[in-house]
Amino acid sequence: MKVVIIGASHGGLQAALTLKKLNSRTEVLLVEKRSEVSFVSSGIVLKMNQMVDELNKVRYITSEELDDKGVDVLLNATVTAINPKKKIIIYEDIQGKYYEVSYDKLILATGSNQFSTNITLPSKDKVTVFKSYSSSVEVLGKLEKAKSISIIGGGYIGVELCDALKGQGKEVHLIESADSVLFRYLGKEISSIIEQKIKDSGAFLHLNESVIGFSDIDEEMFITKTTNEEIRNDYVIVAVNARPDTSLVKDFLDLNTNGTIRVNEQMQTSDPDIFALGDVISYPVRNSYRKSFIPLVNNVVRSATVAAMNVLGHSMKYNMTQKTTATKIFDSYVASTGLTEEEAKFEGIEVEGIFLTLPCQLPYLELQEDVHIKLVFEKGSHKLIGGQLMSEKDITQSINTLSLAIDKETTLEELVTMDFYFNPAINQPMGIISRAAYDFLIEKYKV
């Protein structure tokens with residue numbers, strides 16, 4: 001069998017490697033429009049935080065390593081058309097020549113395109129986005145020279161960049177149209193703590209502001225216009241609105257109303273010989289009545305595994321997603337899973353929640369570390385539907401526990417009595433999750 005995969009980022013690579021592991025005789029061809037594979041787009045933050053010494057090292061795997069594993073790779077090959085009846089793709093190489101490639105099964109891993117906005121962006125020398133290795137190198141160089149920087153978007157990318165720029169003597173503006181940062185993942189309690197850390201770092205935080213345009217763009221210090229004010233800066237990074245890249249198939253595959261490709265639980269599209277995965281599809285969200293566009297790498301890799309399994313005839317279904325995320329910003333670990341209270345209300349779910357700040361260790365230890373924890377439960381059933389954590393202690397693995405608890409419809413009472421370890425040198429007899437649930441239970445029933 002010959003399987004062609006369009007796109008050699010997270011999803012394409014996972015699908016290709018899974019196919020070869022399942023059956024080494026499967027012919028796998030990865031087609032990538034860029035000149036390199038597997039670059040991690042958040043590598044720019046790792047480099048700025050000195051977690052890696054070379055940006056070019058922030059990769060899963062090289063083309064040579066893929067070749068050693070039996071995966072054929074076509075670089076600098078831009079797919080211009082797909083003919084599903086003839087089962088061929090047409091691509092253009094770097095010299096502008098066109099070629100045809102046949103397939104038995106086709107996997108679409110085209111991902112999301114560059115960030116888009118409803119405003120016209122001027123020259124990329126002053127206002128830019130980044131995702132590929134080459135664009136990240138360019139952005140790093142410009143950030144070093146810039147004196148006043150505006151970051152549009154208060155999601156993970158924007159906040160992580162803001163953190164990476166602290167202490168460099170630059171004027172930094174973080175602009176977010178919503179009324180809080182990371183609003184897709186966090187409730188107001190934890191996001192307000194992060195917002196204060198952003199301000200304490202010396203950055204300027206602009207909430208409830210949308211960028212409407214730019215002026216004086218020919219000047220070194222040009223103007224970024226928001227709905228509330230004008231900001232003088234010499235460089236702007238746009239970190240909002242990644243969109244699914246479905247341009248190749250929109251005329252012959254079924255799409256969802258949000259522009260993603262419609263797939264079944266096996267990642268199969270309306271054409272039974274074409275599968276789609278990653279950022280070009282929507283995902284079923286636990287406790288939501290709809291599928292959503294959620295461009296997270298953990299979803300990408302899981303959907304790629306499911307697609308590869310089913311391409312080779314091994315039945316596997318995609319499970320729900322809880323939007324589980326984690327990061328480290330401003331010297332704190334932040335993690336979330338499931339729905340926030342606001343999201344639950346939007347879904348028509350009546351909820352009750354608790355926000356606590358709890359010590360990790362028993363009081364006799366010299367080291368004392370607090371954890372901010374938010375739990376969201378469905379009223380009546382007491383099922384856990386959301387959780388958020390923040391601490392200077394690395395508590396990120398606990399968010400996986402909460403994700404599993406949501407997936408298994410664990411209740412408040414079950415969380416209180418769940419079996420978690422205790423070590424007097426590390427934690428308390430009742431773990432952070434159980435203690436938060438316990439405090440909530442006491443608050444509910446005390447007289």
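Biologist: Let's start with T18: which helix is it in?

Modeller: T18 is in helix α1, residues 10–22. Keep in mind that we're looking at a predicted model.

Biologist: Why is T18 called buried?

Modeller: Buried means under 20% relative accessible area. T18 has 11% relative accessibility, so it counts as buried.

Biologist: And what does T18 touch, leaving out residues up to four places away in sequence?

Modeller: T305 and A308. For a contact, heavy atoms have to be within 4.5 Å.

Biologist: Which residues of α7 are buried, and what do they pack against?

Modeller: Among the buried ones are N299, V300, S303 and A308. The buried residues of α7 pack against α1, β1, β7, β16 and β17. After α7 comes G313, with a positive phi near 85 degrees.

Biologist: Now strand β12: what makes you call it largely enclosed?

Modeller: β12 runs over residues 211–215, and four of its five residues are buried, so the rest of the structure largely encloses it.

Biologist: How do you know that β12 and β13 pair, and in which sense?

Modeller: Pairing takes at least two bridges. β12 and β13 (residues 222–226) have four, in the antiparallel sense. In that pairing, V211 stands opposite T226.

Biologist: What sits between the two strands of that hairpin?

Modeller: Six residues separate β12 and β13. In the turn, D216 has a positive phi of about 55 degrees.

Biologist: What about the cysteines: are C162 and C360 buried or exposed?

Modeller: C162 has 1% relative accessibility, so it counts as buried. C360 is at 4%, so it counts as buried as well.

Biologist: Last one: which residues does the dimerisation annotation cover?

Modeller: An unreviewed UniProt entry annotates residues 327–427 as "domain: Pyridine nucleotide-disulphide oxidoreductase dimerisation". In this model, that stretch is 23% helix and 36% strand, with its end C-alpha atoms 22 Å apart.

Notes. Residues are numbered from 1 along each chain as its sequence is written. This is a predicted model: local features need pLDDT of at least 70, side-chain atom pairs count only at pLDDT 80 or more; totals for chains, interfaces and linings use all residues. Side-chain values use heavy atoms; hydrogens and water are left out. UniProt positions are given in the numbering used here, feature names are shortened, and annotations may be inferred rather than shown by experiment. Buried means under 20% relative accessible area, exposed over 50%, partly exposed in between (1.4 Å probe, protein chains only).
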